[in-house]
Amino acid sequence: MNSDKQDHGILALAGEVLATEAAAVSALKPRLDGNFARAVRALLSCRGRVVVTGIGKSGHIARKIAATMASTGTPAFFVHAAEASHGDLGMITRDDVLIGISYSGETSEVLAIVPVIKREGTFLISMTGNLESSLARESDIALNVHVEREACPLNLAPTASTTATLAMGDALAIACMGSKGFTKEDFARSHPGGSLGRRLLLRVSDVMRRGNDVPAVTPGTNVLQAVQEISRKGIGMTAVVDCERRLLGVFTEGDLRRLIERVGDIRRYRIEEVMTATPKSIAPEALAVEAAQLMDRGRCNQLPVVDEKRRLVGALNLHDLMTAKVI
């Protein structure tokens, strides 16, 4: 087969898949009615955990929905429907809300759970493509995720139906998130290992250099001695402090190059004569991302860290922020 013709067929079929799944998701919007609002209120008033269950492809979707809820402020976990009948039902209590997922609404492993949790008094929300099914009839609330057809050309493989179910689960999770006033900071607390967590939670004090690693000299120090301090501490600058370690200025490697270009022989100069007075600085409790922004605005690679009395307590350079993956 001609490769161009083959590519055309591939792209056409892929386009049909995307169009079918997009239509399946769009068809959900008119179904957002009082039942959906009741489901959200049930999740918001849940005193225990939200438990999401399913098997096969629906199980994969259930696991993702539980993960999305947990990361957006609704405590949730996944229970495999087959494992539930072999001991994992002990995880579900009367204070929980169970979301059961079965597109047919007749999945035997899911239905086997229903009598047990109903006796327990657990609230049951189902997501199914058949509102006349056994699962829908036994549910306190049934959400309709019916699709006209699967994206599979044989209309067999769960494709559009799983996409629609996932989208409905996302709608539940985000509706709960919005109702709770969940913030970026709340999200970061549940994602401390992610880039957002680092940006929103990491403080300057977590990444700054301390103690003997902080370069510092007094105002009367000779420039050559200050250069030696810069070389020893290896962050491209030294702070200039008074006897109480209050910050008076900074002297950087860039300042040194400019000084040499201007005067040639630097040996006769004291650091107080050539330092940058009233330099930019940052507090230890500031967010590390604020330090990155300050460096960017000031076109500098280093910052002294000072307390509320302008006493030098640390130092920070661009490499420290890169190592901490703040930038």
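Of the 327 residues in the chain, 44% are buried. The model is a predicted one. The chain holds 15 helices and 11 strands. Its radius of gyration is 31 Å, whereas the globule rule gives 20 Å for 327 residues, so the chain is more spread out than a compact globule. Along the principal axes, the C-alpha atoms fill a box of roughly 90 × 60 × 35 Å. The accessible surface amounts to about 17100 Å². Carbon and sulfur atoms account for 52% of that surface. Contacts were also sorted by sequence separation. Among those between residues at least 6 apart in sequence, 64% join residues at least 24 apart.

Strand β1 was examined in detail. This strand spans residues 50–54 and is mostly covered, with five of its five residues buried. In a regular strand, side chains alternate between the two faces of the sheet. In β1, Val50, Val52 and Gly54 point one way. Val51 and Thr53 point the other way. Residues of both sets are buried, which means that each has a relative accessible area under 20%.

β1 pairs with two strands, β2 and β3. The pairing with β2 (residues 76–80) is parallel and runs over five bridges. Within it, valine 51 has phenylalanine 77 of β2 as its bridge partner. Between β1 and β2 the chain passes through helix α3, residues 57–71. This β-α-β crossover is right-handed. The pairing of β1 with β3 (residues 97–101) is also parallel. Here the count is four bridges. Threonine 53 of β1 stands opposite glycine 100 in β3.

Salt bridges were then considered. The count for the model comes to 12. One of them joins the side chains of aspartate 95 and arginine 47, with an N to O distance of 3.0 Å. Aspartate 95 lies in the loop between α4 (81–84) and β3. Arginine 47 lies in the loop between α2 (34–44) and β1. The pair therefore ties together parts that are 48 residues apart in sequence.

A salt bridge within a helix is formed by aspartate 255 and arginine 258. Their side chains meet at 2.9 Å, N to O. The two residues are three apart in helix α12 (residues 253–263), so about one helical turn separates them. Aspartate 255 is buried, with a relative accessible area of 12%. Arginine 258 is partly exposed, with a value of 48%.

Arginine 311 and aspartate 307 make a further salt bridge, at 2.8 Å from N to O. Aspartate 307 is buried, its relative accessible area being 16%. Arginine 311 is partly exposed, at 33%. Elsewhere, Glu229, Arg232 and Lys233 are linked in a network of salt bridges.

Asparagine 155 is partly exposed, with a relative accessible area of 36%. Arginine 310 is partly exposed, with a relative accessible area of 31%.

Notes. Residues numbered from 1 in each chain as written. Predicted model: local features only at pLDDT ≥ 70, side-chain atom pairs only at ≥ 80, totals over all residues. Heavy atoms only, no water. Buried < 20%, exposed > 50% of the residue type's maximum accessible area, 1.4 Å probe, protein only. Pairing = 2+ DSSP bridges. Right-handed = clockwise from strand over helix to strand, strands pointing away. Rg over C-alpha atoms; globule rule 2.2 N^0.38 Å. Contact = heavy atoms within 4.5 Å. Areas by Shrake-Rupley, 256 points an atom, 1.4 Å probe, with all protein chains shown as cover. Salt bridge = Lys/Arg side-chain N within 4 Å of Asp/Glu carboxyl O.
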